[in-house]
Amino acid sequence: LLAKHSDRYVVTAFFDSVKSAVKSLPGLAPDLVFLDMELTDGKGFDILEKLGNIHFEVIVTTMHDSYMLQAIKHSALDYLLKPMNSNDLDEALNRFENKMTESKTNLKTNSHPPVNKFTLPTSEGLLLLNISDIIRLESDGSYTAFYTVDGKKFLTSRTLATYEAQLI
């Protein structure tokens, strides 16, 4: 399915183990990683945990829907169930391209667009949270907890600094 996008994407590597991915990914500096869950020596999320601070987007690919909550906690861009269909892949790649375009625009202007909402991944999908509904943000290591006026708490796998930068 990805071959039909070869004019826009270059596949630089395939890994079938956590060990080989952790060893090689930093040197490749990819923009996007398709992360399968069932590897020869562990789960795909083991790669993200061992790498720590990642600088690429992640699209989870798996035959099991049981990893969805972990994908959300790792701020995966998308979650594609196997067997994948072309439309789902196209939507995921469009989401990735939009995010990259937005990032490049922000870098060129050396500023951030005005933010009045945060988009937070949840088990039901993406949640748009009005900034005016947020009581506080709380750092919990590499996670950030959002507390809202209605008493709810939402946990994301991004650092508090990430959200602070969006508010400045």
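Met37 lies in the loop between β1 and β2 (38-39), where helices (H or I, at least four residues) and strands (E, at least two) are DSSP runs numbered from the N terminus. At 0% relative accessibility, Met37 counts as buried; the term buried stands for under 20% relative accessible area, exposed for over 50%, and partly exposed for values in between, with a 1.4 Å probe and protein chains only. Leaving aside neighbours within four places in sequence, Met37 is in contact with Gly42, Lys43, Gly44, Phe45, Val60, Thr61, Thr62 and Tyr67, contact meaning heavy atoms within 4.5 Å.

This is a predicted model, in which local features need pLDDT of at least 70 and side-chain atom pairs count only at pLDDT 80 or more, while totals for chains, interfaces and linings use all residues. Residues are numbered from 1 along each chain as its sequence is written, and side-chain values use heavy atoms, with hydrogens and water left out.

Thr61, one of the contacts of Met37, belongs to strand β4 (residues 57-62) and is buried, with a relative accessible area of 6%. Beyond its neighbours within four places in sequence, Thr61 is in contact with Phe34, Leu35, Asp36, Met37, Leu80, Lys82 and Met84.

Asp133 is found in the loop between β7 (125-130) and β8 (134-140) and is partly exposed, with a relative accessible area of 29%. Its contacts, leaving aside neighbours within four places in sequence, are Tyr147, Thr148 and Val149. Tyr147 also takes part in another arrangement, for the charged end of Arg136 sits over its ring, 3.9 Å from the centre; this description applies if NZ of Lys or CZ of Arg is within 6 Å of the ring centre and within 35 degrees of the ring normal.

| Pair | Separation along the chain | C-alpha distance |
|---|---|---|
| Met37 and Thr61 | 24 residues | 7.0 Å |
| Leu81 and Thr61 | 20 residues | 5.8 Å |
| Asp133 and Lys117 | 16 residues | 9.3 Å |

A search of the whole structure finds two aromatic pairs, rings of Phe, Tyr and Trp (its six-membered ring) being paired if their centres lie within 6.5 Å, with planes under 30 degrees apart counted as stacked, over 60 as edge-to-face and the rest as tilted. In one of them, the rings of Tyr9 and Phe96 have centres 6.2 Å apart and planes at 45°, so the pair is tilted. Because Tyr9 lies in the segment before α1 (18-28) and Phe96 in helix α4 (residues 86-109), the pair ties together parts that are 87 residues apart in sequence. Both Tyr9 and Phe96 are buried.

Most residues other than glycine have a negative phi, and most peptide bonds are trans. Against that background, Ala29 has a positive phi of about 50°; Ala29 is placed in the loop between α1 and β1 and is exposed, with a relative accessible area of 57%. Ser75 likewise has a positive phi, near 55°, but this residue, in the loop between α3 (68-73) and β5, is buried, with a relative accessible area of 10%. A cis peptide bond, with omega about -5°, joins Lys82 and Pro83, and Pro83 lies in the loop between β5 (78-81) and α4.

The second largest pocket holds about 940 Å³ of space and is lined by 32 residues, of which Val11, Ala13, Leu32, Val33 and Phe34 lie nearest its centre. The elements that give two or more residues to this lining are α1, β1 (32-36) and α4. On a 1 Å grid over the protein atoms alone, a pocket is an open set of points where a 1.4 Å probe fits, with protein on both sides within 12 Å along at least five of seven lines, and lining residues have an atom within 4 Å of a point; grid points are joined across faces, edges and corners, and the volume is the space filled by probe spheres set on them.

For the chain as a whole, the secondary structure comes to five helices and ten strands, and 32% of the 168 residues count as buried. Among contacts between residues at least 6 apart in sequence, 41% join residues at least 24 apart.
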